[in-house]
Amino acid sequence: SLFGSYFLGVIVVRSIELNCQRRAALTVDSTTAPVKSNNNAHLRIVGPIAAAIFAIADKLMSSSPDNRNYFAILVLGYSMVYTSANSALKPMTMTQLVTGHLTKVGNALTDRVLE
């Protein structure tokens, strides 16, 4: 369940990132050179989604502290944060332990399906 939540977060972020890159590639003025795009434009979309996920997890934790189902929601939020940071900061600036490898696998699977 936790690995599934992590992969879901990676897939969501990568899908949004690829969609933003495709939109930026289509934004070309026919009379001038291509418009320079912001590679991190997807962060404006991912940030509020991750904040909402953390708010939901916080609400679940405070309403029923004995229930541990909120762990999957926290993993989803953290996977979105780690994937976004890994994309924005480039690899090797973050600790590449289990999260780094799971992010790479999730990115590869998403790229394979969406491209």
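Reader: Where does His42 lie?
Author: His42 is in the loop between H1 and H2. Helices here are DSSP runs of H or I with at least four residues, strands are runs of E with at least two, and both are numbered from the N terminus. Before we go on: this is a predicted model, in which local features need pLDDT of at least 70 and side-chain atom pairs count only at pLDDT 80 or more, while totals for chains, interfaces and linings use all residues. Residues are numbered from 1 along each chain as its sequence is written, and side-chain values use heavy atoms, with hydrogens and water left out.

Reader: Is His42 buried or exposed?
Author: His42 is buried, because its relative accessible area is 1%. Buried means under 20% relative accessible area, exposed means over 50%, and partly exposed is in between, with a 1.4 Å probe and protein chains only.

Reader: What does His42 touch?
Author: Not counting residues up to four places away in sequence, His42 touches Val13, Ile16, Glu17, Cys20 and Ser87. Contact means heavy atoms within 4.5 Å.

Reader: Which residues make up the largest nonpolar core?
Author: That core has 8 residues: Val13, Ile16, Cys20, Val46, Ala50, Ile53, Leu76 and Met80. Helix H1 (2-26), helix H2 (43-63) and H3 each give two or more residues to this core. A nonpolar core is a set of buried Ala, Val, Leu, Ile, Met, Phe, Trp, Tyr and Cys residues joined through side-chain atoms within 4.5 Å.

Reader: And Leu76, what is it in contact with?
Author: Leaving aside neighbours within four places in sequence, Leu76 contacts Ser5, Leu8, Gly9 and Ile53.

Reader: Switching to charges. How many salt bridges does the structure hold?
Author: It holds 1 salt bridge. Arg14 pairs with Glu17, with the closest N and O atoms 3.1 Å apart. The term stands for a side-chain nitrogen of Lys or Arg within 4 Å of a carboxyl oxygen of Asp or Glu.

Reader: Where do Arg14 and Glu17 lie?
Author: Both are in helix H1, 3 residues apart, about one turn of the helix. Arg14 and Glu17 are both buried.

Reader: Now H3. Why does Thr83 count as buried?
Author: Thr83, found in helix H3, counts as buried because its relative accessibility is 3%. A polar atom of the Thr83 side chain lies 2.7 Å from the backbone oxygen of Ser79.

Reader: And Tyr78, where is it found?
Author: Tyr78 is in helix H3 (residues 70-89). At 42% relative accessibility, Tyr78 counts as partly exposed.

Reader: What do Tyr78, Val81 and Tyr82 form?
Author: They form a nonpolar patch on the surface, with about 260 Å² of accessible area together. Patches are made of residues with over 30% relative accessible area and no salt bridge; like charges are joined within 9 Å, and nonpolar side chains (Val, Leu, Ile, Met, Phe, Trp, Tyr) within 5 Å. Accessible areas come from the Shrake-Rupley method with a 1.4 Å probe, and for residues only the protein chains shown count as cover.

Reader: Last one: how many helices and strands in the protein chain?
Author: 4 helices and 0 strands. Buried residues make up 30% of the 115 residues in the chain.

Notes: Polar contact = N/O pair within 3.5 Å; in protein donor to acceptor, adjacent residues only side chain to side chain.
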